[in-house]
Amino acid sequence: MKKTQIRLSTIADVRDFVNIVAAFDGEVDLISGRYVVDGKSIMGIFSLDLMSPITVQTESDGADVLFAKLAPYIV
């Protein structure tokens, strides 16, 4: 399992994040407080508190490649 913290500050950031994660084969979860949503769900992401950092978690073997693509959002 691999985790990192990200920040999605704008609607464009959320859209670009979902596009990157949607192309990823494994499951990606976003965790904010006690809420966990699918990282491929734009509606799920908008239900989170975007003012605070969000934890991205995946158990896939390609996590390093995914996190490299998400580098602009990692805090």
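Reply: What follows is a close look at helix α1 and the parts around it, above all strand β4.

This is a predicted model, in which local features need pLDDT of at least 70 and side-chain atom pairs count only at pLDDT 80 or more, while totals for chains, interfaces and linings use all residues. Residues are numbered from 1 along each chain as its sequence is written, and side-chain values use heavy atoms, with hydrogens and water left out.

Helix α1 covers residues 11-22; helices (H or I, at least four residues) and strands (E, at least two) are DSSP runs, numbered from the N terminus. The 12 residues of α1 reach 16 Å from the first C-alpha to the last, close to the 16 Å expected at 1.5 Å a residue, where the expected span is 1.5 Å times one less than the number of residues.

Which residues of α1 are buried? They are Asp13, Val14, Phe17, Val18 and Val21, with buried meaning under 20% relative accessible area, exposed over 50%, and partly exposed in between (1.4 Å probe, protein chains only). Seen down the axis of α1, these buried residues fall within an arc of 130°, so they line one face of the helix; the arc is that of the directions from the helix axis to the C-beta atoms. An α-helix has 3.6 residues a turn, so residues three or four places apart point the same way. The buried residues of α1 pack against β1, β2, α2 (42-46), β4 and α3, contact here meaning heavy atoms within 4.5 Å.

Because Phe17 lies in α1 and Tyr73 in the segment after α3 (63-69), the pair ties together parts that are 56 residues apart in sequence. Both Phe17 and Tyr73 are buried.

Asp16 is partly exposed at a relative accessible area of 28%, and Arg15 is partly exposed at 45%.

Among the elements packed against α1 is strand β4, where 5 of the 5 residues (54-58) are buried, so the strand is largely enclosed by the rest of the structure. Ile54, Val56 and Thr58 point one way from β4, whereas Thr55 and Gln57 point the other way. Strand β1 (residues 2-6) pairs with β4 in the antiparallel sense over 5 bridges, and β2 (residues 28-32) pairs with β4 in the antiparallel sense over 4 bridges; two strands pair if DSSP finds at least two bridges between them. Asp29 stands opposite Gln57 in β4, and Lys2 stands opposite Thr58.

Lys2 is partly exposed at 31% relative accessibility, and its side chain meets that of Asp64 in a salt bridge (2.5 Å, N to O). This pair links distant parts of the chain, with Asp64 in helix α3 and Lys2 in strand β1, 62 residues apart.

Notes: A salt bridge is a side-chain nitrogen of Lys or Arg within 4 Å of a carboxyl oxygen of Asp or Glu.
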